[in-house]
Amino acid sequence: MDDDAAPPPADPFAEGRSSEPHVFTLAEARELMPEVHRTAEELVTLRADLAELAADLRGGDSALGGRAELKATEARLMELQSWFVDNGIEVKGIAPLLIDFPALLDGVSVRLCWLEGEPELAWYHRTDLGFVARRPLPDRTSPF
């Protein structure tokens, strides 16, 4: 093997991405909540528009537009979902919108859990158990 051989080129799609999720503190997750609410509000509106457009276009015309508007709405919806992922937030469901922030509580892997319509980030569940084990955040939040 040639010691002077150049290393293989970097994967352009891997730049800035890590296989390990960002682990949020409660303060970090709550700091993102105003933007989460704004993004979620637009996503919910677009989700409804997309459903209406798709249904209308199956039967003919829509007051919301045609195929071009449908494709633009789909693209914008994907952009909004990507915003969550790009910020280290896991999208668990789209209707209703359900997102998780990876975190640790007393050394245990948990997800700080927010469901569309909730006014604040106030729930969590163990990572291995998911939504069914959802609990209110403890009053003591220092381990986050």
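Residues are numbered from 1 along each chain as its sequence is written, and side-chain values use heavy atoms, with hydrogens and water left out. The model is predicted, so local features need pLDDT of at least 70 and side-chain atom pairs count only at pLDDT 80 or more, while totals for chains, interfaces and linings use all residues.

Me: What makes up the chain, from the N terminus on?
Reply: The order is α-α-β-β-β-β-β. That is 2 helices and 5 strands. Helices (H or I, at least four residues) and strands (E, at least two) are DSSP runs, numbered from the N terminus.

Me: Why is helix 1 called roughly antiparallel to helix 2?
Reply: The two pack at an angle of about 155°, with axes 9 Å apart. Axes are lines fitted to C-alpha atoms, for helices over the stretch in contact, and angles run from 0 to 180 degrees between N-to-C directions. Under 35 degrees counts as roughly parallel, over 145 as roughly antiparallel, 65 to 115 as roughly perpendicular, and the rest as oblique. Therefore helix 1 is roughly antiparallel to helix 2. Their contact holds 14 nonpolar, 3 polar and 7 charged residues. Here Ala, Val, Leu, Ile, Met, Phe, Trp, Tyr, Cys and Pro are nonpolar, Asp, Glu, Lys and Arg are charged, and the others, Gly among them, are polar.

Me: Why is Arg 134 called buried?
Reply: Its relative accessibility is 17%. Buried means under 20% relative accessible area, exposed over 50%, and partly exposed in between (1.4 Å probe, protein chains only). So Arg 134 counts as buried. Arg 134 sits in the loop between strand 4 (123–126) and strand 5.

Me: What does Arg 134 touch, not counting residues up to four places away in sequence?
Reply: Cys 113, Trp 114, Leu 115, Glu 118, Trp 123, Tyr 124 and His 125. Contact means heavy atoms within 4.5 Å.

Me: Why is Arg 135 called exposed?
Reply: Arg 135 has a relative accessible area of 51%. The cut-off is passed, so Arg 135 is exposed. Arg 135 lies in strand 5 (residues 135–136). Beyond four places in sequence, Arg 135 touches Ala 122, Trp 123 and Tyr 124.

Me: What makes Asp 106 partly exposed?
Reply: Its relative accessible area is 49%. Asp 106 lies in the loop between strand 2 and strand 3. Its phi is near 50°, a positive value in a residue other than glycine.

Me: What makes a set of residues a nonpolar core?
Reply: The set consists of buried Ala, Val, Leu, Ile, Met, Phe, Trp, Tyr and Cys residues joined through side-chain atoms within 4.5 Å. The largest such core here has 28 residues. Those with the most contacts inside it are Val 36, Ile 89, Ile 99, Phe 101, Leu 112, Trp 114 and Leu 121. Helix 1 (26–59), helix 2 (67–86), strand 2 (97–105) and strand 3 (108–115) each give two or more residues to this core. Helix 1 supplies the largest share, 11 residues.

Me: What does Trp 114 contact, leaving aside neighbours within four places in sequence?
Reply: The partners of Trp 114 include Met 33, Val 36, Ala 40, Ile 99, Leu 121 and Arg 134.

Me: Which peptide bond is cis?
Reply: The bond joining Ala 95 and Pro 96, with omega about 0°. Pro 96 is in the loop between strand 1 (90–94) and strand 2.
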